[in-house]
Amino acid sequence: MAFFLQNDNVQLAVTELGGHLAPVTFRLDGGRQIQPFSIAPWWNENTAEAPLLQVLRGDFFCMPFGANNDLYEGERYLPHGETASCRWSHVETVSKDNKSTLHLQLDVSAQQGKVDKIIEIRQGHSAVYQRHVISGLSGHMPLGHHATLKFQSPGLISTSPRSFGKVNPTLFE
């Protein structure tokens with residue numbers, strides 16, 4: 001199952017399982033259409049893989065980012081967290097003032113918090129605006145944003161400024 005938004009410039013889908021964004025079709029000047037997000041080639045296979053791999057596509061939010069074999073403060077986390085692997089609930093879809101907004105929500109077991117996923121498209125814009133609002137959690141939590149893109153040159157990615165970033169300094173996988 002998926003949730004959908006569409007206007008004259010953008011058409012998108014978000015999976016209920018994991019909240020993965022894709023496919024996304026951008027309609028450009030001259031009638032050209034592009035779909036820059038990658039979708040795993042096994043998307044339509046009946047697989048018993050981890051939920052993350054069943055829907056792997058496009059863009060998804062990871063909280064906590066990574067996974068742990070050993071308990072951390074009494075918790076064991078899914079690879080890329082519940083936000084990338086569990087079922088999101090539909091809160092509302094609203095179209096108003098040349099904007100269409102999809103609001104999804106996920107209750108996370110870690111500290112009984114929740115995450116709101118808000119995706120917006122605007123008439124006349126070939127862009128997807130997305131934010132994740134975390135509430136009810138305290139303490140340290142590694143976050144990740146996973147964009148899986150397939151580009152045909154040229155391509156331009158624009159993001160807001162990063163205030164902090166860190167990667168695992170050891171070999172893994």
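Which residues does Val14 touch, not counting residues up to four places away in sequence? I looked this up and found Ala2, Phe3, Gly19, His20, Leu21, Leu102, Leu104, Lys117 and Ile119, where contact means heavy atoms within 4.5 Å.

Before going on, I noted that this is a predicted model, in which local features need pLDDT of at least 70 and side-chain atom pairs count only at pLDDT 80 or more, while totals for chains, interfaces and linings use all residues. Residues are numbered from 1 along each chain as its sequence is written, and side-chain values use heavy atoms, with hydrogens and water left out.

**Entry on the core.** I then turned to the largest nonpolar core, which has 20 residues, and I listed Leu12, Val14, Leu21 and Val24 as those with the most contacts inside it. Strands E1 (2–6), E2 (10–15), E3 (21–27), E7 (99–108) and E8 (113–122) each supply at least two residues of this core. A nonpolar core is a set of buried Ala, Val, Leu, Ile, Met, Phe, Trp, Tyr and Cys residues joined through side-chain atoms within 4.5 Å. Strands (E, at least two residues) are DSSP runs, numbered from the N terminus. I also wrote down that in soluble globular proteins, nonpolar side chains tend to be buried together.

**Entry on Glu16.** I found Glu16 in the loop between E2 and E3, and Glu16 counts as buried because its relative accessible area is 18%; buried means under 20%, exposed over 50%, and partly exposed in between (1.4 Å probe, protein chains only). The side chain of Glu16 makes a polar contact with the side chain of Arg87 at 3.4 Å. A polar contact is a pair of N or O atoms within 3.5 Å; within protein, one must be able to donate a hydrogen and the other to accept it, and residues adjacent in sequence count only if both atoms are side-chain atoms.

**Entry on Asp8.** Asp8 lies in the loop between E1 and E2, and I recorded Asp8 as exposed because its relative accessibility is 60%. Its side chain makes a polar contact with the side chain of Gln123 at 2.8 Å.

**Entry on the cysteines.** How many disulfides does a search of the whole structure find? I noted zero, a disulfide being a pair of cysteine sulfur atoms within 2.5 Å. For Cys62, the nearest cysteine sulfur is that of Cys86, 12 Å away. Cys62 is buried, at 0% relative accessibility, whereas Cys86 is partly exposed, at 23%.

Note on methods. Helices (H or I, at least four residues) and strands (E, at least two) are DSSP runs, numbered from the N terminus.
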